[in-house]
Amino acid sequence: MTKKIILLSMAASVSLFAQSELEEVKALLAQQIKTTQALQKRLEVLEKKQTKQAKIAKRQARTIRETKKQIAVAKTQQEEIPTVQTTKTFDQKSFLPDIALILDGSAVGRNVDNSTYETYYMPGFSTYDPSAEAEIPFNKNRGFNFNYAELALHSTVGPYFDADAIFHLHPDEFEIEEAYITSRTLPYGLRAKAGKFRSEFGRINSIHQHAWKFTSQPLAFEALLGTEGINDAGVQLQWVLPTDTYLMAGFEAMQGNNDVSFGDTEENNLYIGYLKSSFDLTDTTTLLAGTSIAHGKNEDGHNTDLYGADLTIKTALDSYSSLLWQSELLYRDKTTDSGSEKQAGYYTQLVYQYDQNWAAGIRYDDLFKNISDQPDDLDRYTAMLEYKPFEFTKFRLQYTYDRSKAFGTDDQRKNISEILLGFTIEAGAHGAHAF
Amino acid sequence: MKKTTLLLSLLSTVVFAQFNVVASYPYLGRIVKAVGGDNVKVKVLASPRFDPHFVIPKPSLIPAIARADMLVANGAGLEIGWLPPLLKSANNPKVRISSTGFVDASHAIRLIDKPKAVSRAYGDVHPEGNPHFNSDPHNIIPIAKYVTKKLSQLDISHAQEYHHNLTQFATKWKRFLKTFDAQMKTCKSKKVVQYHELYNYLLKRYGIRSTATIEPLPGIAPSSKHTIALIQKMKKENIKMILQDPYHEKKTAHFIAAKTGAKVTVIPHDVGAVSGTDTLKTFYETIATRLCH
């Protein structure tokens, strides 16, 4: 503004002096204005060009960076893809079942030689058959015994079933001890099982030998059900009642292959039912009680009824010390071609777990009811001392005084004194034992 | 009239129908109760008096599991010796391992002491890492958050309340942690010996050095050879404190103490393990007082 005024005033003053010069100056001024305008235009164009180029440069830098990255990725990919297959594309190792190996062996001292011992029977309950091979599964020999290597597999099959298999490998025999499937998702507290399995009749029948507190089977079970107990093909349904106190009802239908009490092979013949309950007597004392019944047909085609009652009381003295009292009673009513046979027996045992390593126990077995003309004073005393240097390693010293056996064909009753030192180990993925 | 009372009683059961939660250990029960409030009914399985590894799988515990809508376990293998048979017998698909109702608290924690090699030759090792993370009170909020998440998922109608409870609990707990941290700072770089590696999470956080254990290997009872070596080590390194849990035998610890002049301090391993520790707060206060008095 001031510039213009000065210019105008200058122009005015000049006009006062020379009219002709004024014309010249006017033309010059106009020319100068034109050139400035032209220069301004060029400047603007140049500026525009510059910003455009800067943008282009930025874009190019970005694309360069991106391509560099792509090249790097491509390079590593090229390095990571070998031409030789080294990955485990279809590896199934994570689906492998839990595998446990259980070994059991013993050294035995006995006042009866081996050939005589093989002929033993319990008068009134079993007989000696010279033509049959003796069925003594554990600790048969005076001297050393390797009883079994047990292979236990457990796996979840899918959302709906678990599978278990327990193989008993004896020195000259392969046996499927158990193999069954168990339901996982049944509602209302129900669980179903199918396959070959140990019945949950009573208390000890479903427990494997390696988890027993004494190395030998209770007399009542051996006398009334044989060395295998009730271990059969069939189905099982268990129901945990929706009560505050533990109440479990179970039903099993089985083939009835056990020929000591059942064994009618014409069709499936064995039906088992049981009711179990447990509650705490004090903060540290728990009681578990059960009643069981098994109804089936025996080899003569007649009925056999087997009744069981069991009671377990366990008191925890501290984390590693406890007192366990367990008893079981069996009563059998077996109808044969020669009439009705009523027999019964029981065992009662007390086990004191001193600490994590040491335990001791005593057991009394009695077959107190026998058929007529047969002895009813068949009983047995057992005492044991157990040492576990580690949770899964067990050594047991057991003394047995057995007054229930007779030998051979001449009805010779003889008391057995036996001392046994055994070991049992559980290696691998072995699930925890129940109560 | 009858109909209305019937309806009313039905309604009341609906109103008061609680969400059943089973917790394996007492401290987990306290966390669930803090978050769940009146909407959940909590049953704790293990007694704080006993070794958490060796709980007796009493069948009398089965009914609670059978009716549970959710089960909160410590995890990292701590319950492996007793919970699986109970879960199996309870026939409750809702809280089976791998179902949504089974809550493994160890998932909320970054586990330490993960063994590089797993073999039973090293004793009762936990392949996933040290499961005794409840010794560090800083692990309570992560577990509470995880429990809240699970509770809200399974009991959607009360989700808001659970989140509200969590916020309140977390605020209170953070305040408590401040005083706890201050108290624990006073015994930084102290050197201690433990019976079992039960307090590693706590010791690690507060810079207390655990130099050895009384048991030669996890789960293996003390041997005279190991004890003698330990006494020598403690004398040499001037270690004056033995951390003893309440459930193991204390004879060995007292023997070592007599030989070395160290002090045996019983540190609770769970809520209610020693008297005066019935709440989460008093449990940790007792730990701090006994460790850094």
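Residues are numbered from 1 along each chain as its sequence is written, while chains are lettered from A and ligands numbered from 1 in the order in which they are written. Because the model is predicted, local features need pLDDT of at least 70 and side-chain atom pairs count only at pLDDT 80 or more, whereas totals for chains, interfaces and linings use all residues.

View 1. Strands (E, at least two residues) and helices (H or I, at least four) are DSSP runs, numbered from the N terminus, and two strands pair if DSSP finds at least two bridges between them. Strand β17 (residues 406-407) is joined to β18(A) by two bridges, and A:A406 stands opposite A:R413.

**View 2. Strand β8 of chain A and its two partners.** Look along β8 (residues 246-254) and you will see its side chains alternate. A residue is buried if 20 or more other C-beta atoms, placed from the backbone, lie within 10 Å of its own, exposed if 12 or fewer, and partly exposed in between. Strand β7 (residues 231-240) pairs with β8(A) in the antiparallel sense over seven bridges, with A:G234 opposite A:M254. A hairpin through five residues joins β7(A) to β8(A). Strand β9 (residues 270-280) is also antiparallel to β8(A), over nine bridges, and its A:Y271 is the bridge partner of A:A253.

**View 3. Helix α9 of chain B and its buried face.** In α9 (residues 251-260), B:T252, B:A253, B:I256 and B:A257 are buried. Seen down the helix axis, they fall within an arc of 135 degrees, so they line one face; the arc is that of the directions from the axis to the C-beta atoms. These buried residues pack against α8 (224-237), β7 (241-244) and β8 (263-266) of chain B. Turned away from that side are the exposed residues B:K251 and B:A258. After α9(B) comes B:G261, with a positive phi near 75 degrees.

**View 4. The setting of that helix in chain B.** Chain B has ten helices and eight strands. Of its 293 residues, 45% are buried.

Definitions and conventions
Contact = placed C-beta atoms within 7 Å.
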